[in-house]
Every structure is written in structure tokens, then in C-alpha cells.
Amino acid sequence: MRLLELYINNERIELFDDESIVINDSIQDIMDISKIFTAYSRTFNVPASRNNNKIFKHFYNSSLLNGFDSRFTLDSELKLNGLTFKKGKIRLDDASLKDNKAETYKVTFFGNTITLKEQLKDDKLNTLYYLDQYDHDIFDIVNGLTVGLGVGGATSTDRKIIYSLISAQEDLFYDDIGSGSDDLNLFQVDLGGINRNLKPAVKATEIINAIEDKYPEINFSTDFFGSDVFDELYLWCSRKAGFLNQTFSNGIKNLADFSLSSGTDYRPLMSNSSTYYEFSLQIPVSILAYRIVPYNVLVRDRNTGEILYKGVSLTGATNNTGVIYLKSEEDKEWDIEVKIWAEETFNTGTVTAKVVRFTNGVSDGLTNYTSSNFVLPNAVSIVNNLPNIGVLELITNWFKMFNLTAYLDDDGTIVVKTLDDYYSQGNEYDITKYIDVETSKVKRAIPYSSINFMYEAPKDIYSLIYLDNYEESFGSLKFKTLEKYEGQSFDLSLKLYQPVLRMIYNVNGGATTNLSTATLKNESGQPISTSPILFFNKQITGLNFLNGRTTCNVPSYVSSDGNHTLHFSNEADIHTGLENANSLFNRFYSQYINIGFNQRARIENFTAYLPNKILLKYELNDVFIINNKKYIINSNKTNLLTGKSDLELISLFEDWQASVLTW
């Protein structure tokens, strides 16, 4: 006998005796290798019993106050015979009524990998305010280029922030007998041209730290994100085409950083159905010469990213935002951020934030908060320069790039591993005696004749030249077998850009400097905007550089030990001139893809009745053995009422090998 139980927030939901609940379990589908974060899900009905009505708070009656909030999913657990089968989330979809009386509720059960989508939603990278700590002065660029930067622009060999020789528009060069009149000469001390062309890059591990900081519910494992290969990865901070603005004046402060001037300190500002706030800013410009300089003001809630006020091209002695209402029907904490910036040297007087709290419609009095020295001249803001891409979209690109998979472990950690590591750590179960031998089906493993791994199409002049010469995009790969057979072409596209790197040679004599560079300009010399750029940092030493400095950070697509590249294809390492075969495809995709392209490869479908000792323990990286033949699990569709499992298995002819991630 099989006893099926469903719990929502530890409360047991009553089920129909004959309700068929089928869980389709799959972590990666060889029929569509682009799918990631795919979780099992199932929609089914539960009775509108007295117990369930209590749990769902009579959802069908919208006139009830503080009723069930169906906008959110709730923690859920499925149990078989008292033991946990799956943990996940439940969403209440609707209620059906008959003769004006509730009859059923329809709910959907999701696997736990929905967590990332649910938490990150459409949030952009520029909402990762943890990275504000790395804002720095424009004059720190030289240290970022030669060493690296830490918090507040301090020189740091941890290199959380670097400047690398990726130019926003103009070609940099090296001439050790140059006159010094050209500010693009890397031999000279004048950093004018270099400053305007370079942009910061943030270490990929700090993006992960920033995500975990903003979303406390998200905690990633270090299986991949703590590996050596990921630790060398950097994201170029370029939000738009063209130069880094050297005269950008920028000040960002939270209300928490203001000083209490008068009244009651209401911080943190908490609103609900009975409490709200009136918030306003008074911004004086104390220096007469600055009163004609256009400046901008932005007020937003850091918790949600909502823009509460936007002031554009303001001038004059004093500006006021007017009243901003901070209201919510539910408990909410407001984290107010104030940003003031101009395109010229600029400063303000003492900025005053005025806050009035209302409780049940009655004012609790005015409070003034003040902040002096608000504007930080010549600041480089990291979040304001981050690429215009969603947080989830960037992570999805990383998953596609390195063929990663994710699942939630028992303590709520999101375990992120390469698919090779995941499959290499599975257990084996012989399920021969549980197979229904009357029916089975065998089909071809993969319906593709070729698979194309592609970065964004070339835009910069040097990548276009490469395309003309080699008739294929730099770093991309068209994978196909030697034999031509029936199937479609499949494209796995990244929203990432990979410009061709070039070596910089000494104009005087032509000797190489070992400095690699890229230039983001088109054939007309105009700057281009691209998808995000990822690269490994390589520190070149032993230079006579920038008037006597000896080190420089340069972009590379090959890891420091040569074990990994950021190309899908086999490309030459620009620093050695030798082809490197440790490509993304060879390192992270070849085992999985070659299973499908193997002549002996098959997908075999079986019907099985697995006992609880297997059903409750197996993981999707485990190997099932049937008649001494090994298979990996493509999917398993289990009817929890009958115990019937429809297995889709892929032939496995040799043991899976783990990735090489740490050296």
C-alpha cells in the first residue's frame, strides 16, 4: 500500500483518494541541451474540505481580509509512506465552485530549482549594491591596470576590480622612443587617452557574493563558483558604447548614512496598512559657479529597485523633490538611496531629507536628516557601469557556457556543478527485476546532425577581419560528425561577446611587449555596444611600462595554467601562438554530446515499478542497470498513486569522467 501525503508549510493537505499525481523528474534533457533550471512540476486538484479551506483561507472568497496570498509560492513536501519523496514549492492556481460552494482547489507543485527564477525575477545587474564598496576615484585607474583594486579603490593584489587593456574605442600602442605627445602610447606616463578608453572589470566571484548579499535566501555551493577556473574570470563593466567619462561626478548615499538633525529617528522606515511616510529632499547648491551646472537626482528603493523620483538637468540655488509617499498594504522596509551626479565638477551644500511619519492618518511629526560633502568628484561607480543584463540572464549564460547544472540540497544550498562532475558522482542501482518486460521502446538519442555553439555575432573591426579570413566567428564552434546523417541543426547561443585579441608590438623595432588588447570599434572607427564580455586576467611582468612600471593586467581567453579556454573551438593562445584544445566544448560538453552522436547511442523507454528503497533515494545523476547494461537517466515520470515509473534512459558505454576545475 502506498500512502501519499502533501504538506504546505508543514500543514498536511487532504488529497482525493483517486487523484493521480505524476512527477516528471529531469535535470538535463539531451533532446534540448539549452534548457537549464528545468524543474519537475505537476498540477492537480485537492478537495475543498474543511481542513483545506482553513489552510487556503477560503481563497474563493475575495471579500475576506488577510486571505490566502496566491501571488507567492509556499514551501511544500511530498511524502511516500511517511518518508520524504520530493521537496519543492506549491502555487495555488484557482478554486472551482459548484452551486456557489467551493468544491476543489487546483495547485501546482514545483521542484526546488524554481528558487532562482522566483528570487531573481527580472532584476538587473545594476541592482547589486554590494558592489558599491568598490567605487573608486578616476585616478585609481593606473593602480587598477598595473596591480588591482579593492574596497574604496585601495590597491590590492586580491584584484576584486581590475583595469585591463580592453579599449572602448581607440587603439593603444607602445613606442619606447615616442615623443610623449600621443596619450595612447603605453610607454608614456600620461594616462589621458588610456583613462578615457579603459573601463573597470569586476571579478565574477564578486558577482556571486553580491547576489548572495542581496538575496539572503540564495546560497550557492562552491563546487563550481569556488573553483580555480571561475576565480580567474572577470566581467568587463561597460554599459554603453564609448569612453569612460573622466569628468563624471557622482555621489550615492543611503538614508541610513545621513545624520539625524532634528526630530525622532524613524529608521528603518517600516510601512504597513496603518503606517506610511512622506519623504522629500532639499538640495542646495552653495557655490555660485555650480548653480549653472546641470545635475541629476535619483531617489530609489534599494530593496526593490523602484525609482521614486527622477530629476534631470536641474540648475539653480535650491531644488526640492516634492513629497514622495512611502506606502504599502503589507509590512515593508524602505531602503532609500539618493544619487546625485553631473557631467562636470560639481558639489552641493548640505542635503536635507525630510521625513514625516503617519500612523492611522495622524502625523507623528517632522524629522530632518542631513548629509554634507555629498558629491564624490571623479568617481567611477561599478554598478552604474555594469552591463545592461539581468542577473538571472547572466547566470544562465554562465550555465550554458560551462554546461552547469543546479539543484537544491537538504539545507537549502543551491548546488552548482558542471554536468560532468554531477554525473561522475552518481550511484548505481540494478533495477532489472523491477522492469515491466512486456513493453519497451528504443529510439535515436539525439535528433541533431550538428550543434552550433555561438557567441554574439562579430561587430568590432578585428573580429570582422577574423571572420573574413577564416569564414567562422572567433571562439564559436560548429560541431558535427564526419558522416552526414538525418537531423536538424541546433544552435546554442550565448548573450556574450568575445572580441578578437591582438598583441601589441613596440613600434620601435617591432618586438612584442606580451601585452594583449582588444578594441571595441567598428570599421568606421566608431565605438560599439556589445553583450557582456568575460575574460581571464593575465598579469604581464618585466615591462618598461607607463614610465617605469613593470606589471600590467591584460585580457586572455586562456587560464593561467592553460587547462581552460573561453572558446568553444580550438583556438590559438595569443600569448604562446599555440593552439589550445582545452576548449569549453572539450572540457564541459564533449562527454554529454558524444553520447548522443555515438553510433551505438539510444534512448530506451522502460516501464518500471520501483520500490521505495530506490524511489526515495535515487538522484538524477545515478546510473540504472538493466540486464547488465548501464544507463543514465534522461527523465523519470512517476505516478505516485500507482507507483508506475516511465523511464527514459540513455545508453552509457563507459564511466563518466569528472571535470578538471582546480589545479
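Student: Which residues in helix 7 do Ala204, Ile207, Ile208 and Ile211 in helix 5 meet?

Tutor: This is a predicted model, in which local features need pLDDT of at least 70, side-chain atom pairs count only at pLDDT 80 or more, and totals for chains, interfaces and linings use all residues. Helices (H or I, at least four residues) and strands (E, at least two) are DSSP runs numbered from the N terminus, and contact means heavy atoms within 4.5 Å. On that basis, the four residues named in helix 5 meet Val391, Leu394, Ile395 and Trp398.

Student: How many nonpolar residues does the contact of helix 5 with helix 7 have?

Tutor: Ala, Val, Leu, Ile, Met, Phe, Trp, Tyr, Cys and Pro count as nonpolar, Asp, Glu, Lys and Arg as charged, and the others, Gly among them, as polar. By these classes the contact of helix 5 with helix 7 has no polar and no charged residues, and its nonpolar residues number eight.

Student: Are helix 5 and helix 7 roughly parallel, roughly antiparallel, roughly perpendicular or oblique to each other?

Tutor: Axes are lines fitted to C-alpha atoms, for helices over the stretch in contact, with angles running from 0 to 180 degrees between N-to-C directions; those of helix 5 (residues 204-214) and helix 7 come within 12 Å and cross at roughly 135°. Angles under 35 degrees count as roughly parallel, over 145 as roughly antiparallel, 65 to 115 as roughly perpendicular and the rest as oblique. Helix 5 and helix 7 are therefore oblique.

Student: Is Asn403 buried or exposed?

Tutor: Asn403 is found in the loop between helix 7 (391-402) and strand 26 (404-408), and a polar atom of its side chain lies 2.9 Å from the backbone oxygen of Phe588. Buried means under 20% relative accessible area, exposed over 50% and partly exposed in between, with a 1.4 Å probe and protein chains only. Because its relative accessibility is 1%, Asn403 counts as buried.

Student: Which residue caps the N-terminal end of helix 9?

Tutor: Helix 9 (residues 461-470) has Ile461, Ser463 and Tyr466 buried, and what covers its buried residues includes strand 37 (571-572). At the N-terminal end of helix 9, a side-chain oxygen lies 3.2 Å from the backbone nitrogen of Tyr462, and the residue that supplies this cap is Asp460.

Student: What percentage of the residues of the protein count as buried?

Tutor: The protein has eleven helices and 42 strands. Of its 663 residues, the share that count as buried is 54%.

Methods:
Residues numbered from 1 in each chain as written. Heavy atoms only, no water. Polar contact = N/O pair within 3.5 Å; in protein donor to acceptor, adjacent residues only side chain to side chain.
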